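Let's take a walk through this one together, from the sheet to the metal site. Have the viewer open and follow along.

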Amino acid sequence: MIEIKGIKSHRHLIFKTGFFTAVILLAALVCACSSKTVSDSPATQTRYDLLNTVITISIYDDVNDDVFNEVFDRISGIEKAMSVTLANSEISGAAAMAAKSPVVLSEETYLVVKEAYDITVESGGAFNLAIGPLVKLWGINTASPRVPVRAEIEHIKELLDYNAVVLSDTDRSVYLTFEGMSIDLGAIAKGYAGDVAAEVIKSYGVKHAIVDLGGNIITIGGRPDGSAWRIGVRNPIIGESGYIGVISVQDKSVVTSGSYERYFESGGHYYHHIFDEKTGYPADTGLLSVTIISDRSTDADKLSTVVFVLGLRDGLEFLKNYKDAEAIFITNGLEIYMTPGIIDSFAVTDNRFIIASE
Ligand code: ADP
Ligand code: MG
């Protein structure tokens, strides 16, 4: 039996102080529902038709629709350029020209591809921007995922070689050396979109806002009363819901990569959507999820994927290169490990999860 879990929108829940009010996400209809600022209650808009997820923007300042429209337009542009699934995106264009010729990218797409390339090299392929053929082989982002046989994985392995991705800063071009190669920005583009959203919102003079981009949270300032935002960390156990703890943050992005976000079941095993290029299988390092808290959402997104693939020990080591990135790891054994900088800002609310130390 195959079961695929869809929209990833509940990685983090945003709570109001006092009693917990989860941000409730309604039916997946395309709509932009607007409400106006009244003192402490935000102006909020939600869209269900972008980046294959649910995006909610809540602004605690007196604003009109312009700011929302501009954010959604920018995100729509990012999707059109960077999607792996849209046939006429820049990323699909580069794949179509693999082994034929370099493809010149827009400034914005080149910037994200370059950052994806750099983190790929830095992480030794734990994050691999050339993972596209493997993601396609598993069909994990489709309605009919399947477990490939070993020979199929072996067959595409050389297409995952990130050294065969050739970037040129001079003309902002990308060249994929072998036919069948493709770039997948699924582990970073949403993070980038979050930073763009924050930048646009701030350009309107907004001091307090929160963006929920399919579970990636971006906070601007703190709550209007000066207190921190309270962000719930999703219960990572497959089949369960809710949250297991609350992070208090201001001016930070909070992003989680977890095995529960998108997965299917086959032959009694669960297979999720974050792959280890070395094995060709979903990364299996004893973690259920990793949450990164960072100034930049792009960093939080790319690092959550890196660290999920590296596992606890190597992940902690890797994060030493990123001074402003804090992490919360949840292991298969329901143990929680944290980097020192987040310990005081995180409270466990589900006592089955135990804070452990290395
Ligand atoms: P989410 O998509 O839920 O935000 P991630 O940020 O971890 O989670 O990104 C997972 C997506 O990134 C996958 O759906 C796939 O498209 C792509 N991907 C999977 N494994 C890797 C990897 N090792 N490196 C880079 N991208 C990956
Ligand atoms: Mg990611």
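What follows covers the sheet, its helices, the aromatic rings and a metal site.

A quick word on ground rules: this is a predicted model, where local features need pLDDT of at least 70, side-chain atom pairs count only at pLDDT 80 or more, and totals for chains, interfaces and linings use all residues. Residues are numbered from 1 along each chain as its sequence is written, chains are lettered from A and ligands numbered from 1 in the order in which they are written, and side-chain values use heavy atoms, with hydrogens and water left out.

Nine strands make an open, mixed sheet in the order 2-3-7-8-11-16-17-18-20. (Strands are DSSP E runs of at least two residues and helices are H or I runs of at least four, numbered from the N terminus; two strands pair if DSSP finds at least two bridges between them.) At the edges sit strand 2 (43-50) and strand 20 (354-355), each pairing on one side only. Further in, strand 16 (residues 287-294) and strand 17 (residues 326-331) run antiparallel, joined by six bridges, and T291 stands opposite I328 in strand 17.

Helix 8 (residues 312-319) packs on this sheet, touching strand 16, strand 17 and strand 18 (335-338). Contact here means heavy atoms within 4.5 Å. The direction of helix 8 makes about 180 degrees with that of strand 17; axes are lines fitted to C-alpha atoms, for helices over the stretch in contact, and angles run from 0 to 180 degrees between N-to-C directions.

Now for the rings. The structure holds eight aromatic pairs, counting rings of Phe, Tyr and Trp (its six-membered ring) with centres within 6.5 Å; planes under 30 degrees apart are stacked, over 60 edge-to-face and the rest tilted. W138 and Y271 have centres 5.5 Å apart and planes at 45 degrees, so that pair is tilted. Because W138 lies in helix 4 (residues 132-138) and Y271 in strand 13 (residues 269-272), the pair ties together parts 133 residues apart in sequence. Both W138 and Y271 are buried (under 20% relative accessible area; exposed is over 50%, partly exposed in between, with a 1.4 Å probe and protein chains only). With Y281, W138 makes an edge-to-face pair, since the centres are 5.1 Å apart and the planes at 80 degrees.

Finally, what holds the magnesium ion (ligand 2)? Its protein donors are A187 (O), D301 (O), D301 (OD) and T305 (OG1), 2.2 to 2.7 Å from it. Donors are N, O and S atoms within 2.8 Å of the metal (3.2 Å for Na, K and Ca); water is not among the atoms, so sites may look incomplete. Both A187 and T305 are buried.
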